Amino acid sequence: MKTLINGRLIVPDERGDFKICAGALNFDEEIISIGEPINGAEVIDAENNFVAPGFINVHIHGAAGVDTMDEDLDALKRLAEFLPTTGVTSFLPTTMTLPIEKIHGALERIREGKSFSSGAKIIGAHWEGSFISKKFCGAQDADYILPADFKLIENFADVIKIITVAPEECGFDFIDRCREAGIIVSIGHSAATYEIAMAAIERGANHITHLFNAQTPFHHRKPGIVGAAFDSNANVEVIADNVHVCPAAQRLVAKVKPRSQIILITDSLRACGLGDGISELGGQKVFVKGNVATLEDGTLAGSVAKMNEVLKIFCANTKLDVAAGVELVTKNPAVELKIFDERGSLEVGKAADITLFDDDFNVIKTFINGRG
């Protein structure tokens with residue numbers, strides 16, 4: 001039994017909105033109680049740092065020199081063990097558009113990795129690519145884009161939690177099959193018009209992959225996917241690194257979308273955490289300088305941001321208070337993934353996935369299922 005004292009606890013209020021309060025957090029593998037310390041427990045002094053639910057990243061390719069597509073289970077393990085240093089305690093390893101057998105191999109490893117005994121918990125996969133638009137493929141390799149076929153994914157329906165598709169390419173029947181299998185369908189890397197995007201959202205494609213990036217932009221006569229995202233109840237991913245989405249656009253998202261529909265992601269590459277230099281994504285050379293990663297032709301190639309950094313940036317740009325900002329990396333993804341009864345908030349009976357961070361959002365310590 002452990003007791004965290006002297007922390008600024010970020011917990012739900014009576015309406016479910018996150019607030020900051022004082023008190024002790026008592027836990028073992030699960031959260032036991034919030035309030036007074038339990039006698040005899042191991043005492044951990046939070047030293048006035050924030051005590052939040054563990055962060056959940058639903059869109060991440062890699063970090064620390066490894067990538068989801070590496071044909072090595074140990075690479076996935078190293079990724080899982082690195083992520084707690086960024087506050088992440090659960091994540092969806094995300095695939096790239098590569099030969100289908102390589103994607104299937106990655107999903108097999110992700111399935112096996114769900115049983116890792118250490119590091120951030122793998123809760124499934126985000127399949128990005130294959131069934132997307134060549135016009136908006138971004139850093140995905142257009143040579144491996146395929147016609148949508150549910151048979152290509154059905155053996156991994158237990159692993160895939162989110163799939164990114166171009167609805168104008170894949171068709172609504174494919175969306176229906178995915179939804180029937182319990183897979184969240186996300187619109188991304190797509191040339192869809194506003195009308196097609198809205199129809200897809202109404203059909204159940206209720207998630208937008210990295211809003212603004214690799215999709216039809218907003219125009220006052222052609223609102224595009226961005227317009228559909230703003231004019232619907234779709235959940236939107238935001239890469240809040242000030243590279244993929246500028247501060248003003250981040251503020252617009254915060255003003256237009258309800259807070260419950262915003263999910264911060266990193267979309268990070270293997271170069272995350274390594275500094276400047278030459279890296280790789282999906283077999284393509286990537287050049288990293290500062291917080292910008294590009295392909296040889298200058299195309300943005302994912303980010304090198306960490307989850308605690310995008311949370312800090314989004315809160316700074318939008319003036320969102322810390323407790324409310326934490327919802328975007330904990331509660332919101334957990335609710336969408338239908339795991340909020342298990343994790344995503346500091347509440348009695350939930351997994352003791354806990355992130356401590358300071359006023360500058362530096363991660364001090366993490367606990368996963370009570371182990372730190």
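View A. Phe-150 is buried, with a relative accessible area of 10%; buried means under 20%, exposed over 50% and partly exposed in between, using a 1.4 Å probe and protein chains only. Please keep in mind that this is a predicted model, in which local features need pLDDT of at least 70 and side-chain atom pairs count only at pLDDT 80 or more, while totals for chains, interfaces and linings use all residues. Residues are numbered from 1 along each chain as its sequence is written, and side-chain values use heavy atoms, with hydrogens and water left out.

Phe-174 is buried too, at 6% relative accessibility.

View B. The structure holds 8 aromatic pairs; rings of Phe, Tyr and Trp (its six-membered ring) pair if their centres lie within 6.5 Å, and planes under 30 degrees apart count as stacked, over 60 as edge-to-face and the rest as tilted. In Trp-127 and Phe-131 the ring centres are 5.7 Å apart and the planes meet at 20°, so this pair is stacked. Trp-127 is buried at 0% relative accessibility, and Phe-131 is buried at 1%. Phe-150 and Phe-174 form an edge-to-face pair, 6.5 Å centre to centre with 65° between the planes. That pair links distant parts of the chain, 24 residues apart: Phe-150 sits in the loop between β13 (125–128) and β14 (160–165), and Phe-174 in helix α4 (residues 172–180). Helices (H or I, at least four residues) and strands (E, at least two) are DSSP runs, numbered from the N terminus.

**View C. A three-stranded sheet.** Here 3 strands form an open antiparallel sheet in the order β19-β20-β21; two strands pair if DSSP finds at least two bridges between them. The edges are β19 (277–281) and β21 (292–295), each with a single partner strand, so one side of each has no neighbour in the sheet. β19 and β20 (residues 284–289) are joined in the antiparallel sense by 5 bridges, and Leu-281 has Gln-284 of β20 as its bridge partner.

**View D. A four-stranded sheet.** In this open sheet, 4 strands follow the order β5-β4-β1-β6 with mixed pairing. The edge strands β5 (31–35) and β6 (42–45) each pair on one side only. Strand β4 (residues 24–27) runs antiparallel to β5 and is joined to it by 4 bridges; look for Ala-24, whose bridge partner in β5 is Gly-35.

**View E. An aromatic cluster.** Phe-50, Phe-55, Phe-357 and Phe-361 come together in one aromatic cluster.
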